[in-house]
Amino acid sequence: MGSVTLRRLVPTLAFLLGSALACSSGPDGNGNDGTGQTGPCGNGQLDEGELCDPGIASGPGACPIACSEGDGVACTREVVSGSADTCDLTCSVEVVGACVAGDNCCPPGCSAMTDSDCSPTCGDGVVDELETCDSAIGAGEEGACPAACDDGNACTRNSRLGAAVNCSLVCAFRPIVACEDGDGCCPEGCTTTTDDDCSPSCGDGVVDPMETCDGNCPESCDDGDACTLDRFTGSADACSLACVNQPLSECRDGDGCCPTGCTFAVDDDCENLCGNGTLDRGETCDGDCPSSCEGFPAPDCTSEVRLSGSPDRCNVRCRPIEITMCADDDGCCPPGCDNTEDNDCALGVGSPCMNNASCPAPLTCFEEIARDDLPGGYCSLACGTESCPEGSECVFLEDSPVGNCLLGCTGDEDCREGYECQSIFESADVCYPPRGPTGGTGGG
């Protein structure tokens, strides 16, 4: 048959087979279209293998219209994956771990010195601006940091975000969407064949074990509280529908909520006390806001002091901008820099060196490992029974009664080029030249 004739037959064949394909269970005849779905994406129902369906206008099974609203929890950011066109669009979250100014998050390990979102008054027994709780408030009292997070819903993953030590601890309850045996949850789109947590008796009008409802599932999760994000988990079709009312902790304009610790200075949904001439909680100024930062003392390792905020919100302040890049002669040695890339960093045990003149007394450039075929050695300190500085280990070579403090390590990536992380003479791991037929330890 010629290709022209075949092309003319295609529309006819499609028309004749259309209704048959609509009633067919899929290309393999068993309801599988090759993607794991048992029905066409966009048919208005949540078929097996689908996470959502664009044909569902709203409610359970509907694809999210946007993922920009987030989950209302500080220290999380939205991550979009999949597509509505393939019925696998999801909005998930990832936990923020870096100390970054202006992201509403104060992660564990950060402080007001390293992150402007951290409270400078944590531990004073009062939930101040930028705090979700206060570590000095006793358990069970209002404002206390949560000791545990459990909403009693099997279809959520409960987690604690932030940290009590910096007064940013909150509970997060994220809906489970994956079909997984043994987790007690039957999410949307799952069945007894894909998840053994789904009920085999759903639809009999009786709320059996493994069911949250049966014929009486909630139609809305709105609790009437602007300070909660209301969402469904599970599905009515699987008799696992339930509500999650996640408390909001993020200070965000225009959402109708003023979470604990927020003020008008950072959230316009809070009571506006700006302009009353009194320095209220959360305000840095009121009628006396600075117009410049001239003369403001700059802490060490800051490149400039920058004016931020607005007089209309009484939150104007001078914010030091920290130096994070390794650069010579700026008077700063940022974390992660050393003397090889920033001459403002002091040399110490474990600092790279080329010769003894490279190390301050009483340190020396350990000659035993400064071979001609290597780029140099490390500043070292003689040691005996006394301990070495943090980050180094006392190593005794051969029969020497005096040891040397050498740079400690956990892997080769901790050592400079040409060195390996080795256990020398049964000591702890230190950076040392490769040893072998051509890797002896020559002096000088």
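Is D253 buried, partly exposed or exposed? The model is a predicted one. In it, D253 has a relative accessible area of 38%, and because buried means under 20% and exposed means over 50%, D253 counts as partly exposed.

D253 takes part in a salt bridge with R313, and their closest N and O atoms are 3.1 Å apart. This pair connects distant parts of the chain, as the two residues are 60 residues apart. R313 lies in the loop between β7 (302–308) and β8 (317–322), while D253 lies in the loop between β6 (242–247) and β7.

Side chains of opposite charge can pair when their charged atoms come close. The whole structure holds four salt bridges. One of them joins R306 and E304, with an N to O distance of 2.6 Å. R306 is partly exposed at 40% relative accessible area, and E304 is partly exposed at 37%. Another joins R252 and E250 at 3.4 Å, N to O. Here R252 is partly exposed, with 28%, whereas E250 is buried, with 16%.

Some charges form a patch instead. D412, E413, D414 and E420 make up a negative surface patch. D414 sits in the loop between β13 (403–407) and β14 (420–423), and its relative accessible area is 36%.

Now turn to C365, in strand β10 (residues 364–365). C365 is buried, with a relative accessible area of 2%. Beyond its neighbours within four places in sequence, its contacts include C353, C359 and Y378. G377 is also in contact with C365; the C-alpha atoms of these two are 6.1 Å apart, although 12 residues separate them along the chain.

Terms used:
Residues are numbered from 1 along each chain as its sequence is written. This is a predicted model: local features need pLDDT of at least 70, side-chain atom pairs count only at pLDDT 80 or more; totals for chains, interfaces and linings use all residues. Side-chain values use heavy atoms; hydrogens and water are left out. Patches are made of residues with over 30% relative accessible area and no salt bridge: like charges are joined within 9 Å, nonpolar side chains (Val, Leu, Ile, Met, Phe, Trp, Tyr) within 5 Å. Accessible areas come from the Shrake-Rupley method with a 1.4 Å probe; for residues, only the protein chains shown count as cover. A salt bridge is a side-chain nitrogen of Lys or Arg within 4 Å of a carboxyl oxygen of Asp or Glu. Lys and Arg count as positive and Asp and Glu as negative; His and the chain ends are not counted. The place of a charge is taken as NZ of Lys, CZ of Arg, CG of Asp or CD of Glu. Helices (H or I, at least four residues) and strands (E, at least two) are DSSP runs, numbered from the N terminus. Buried means under 20% relative accessible area, exposed over 50%, partly exposed in between (1.4 Å probe, protein chains only). Contact means heavy atoms within 4.5 Å.
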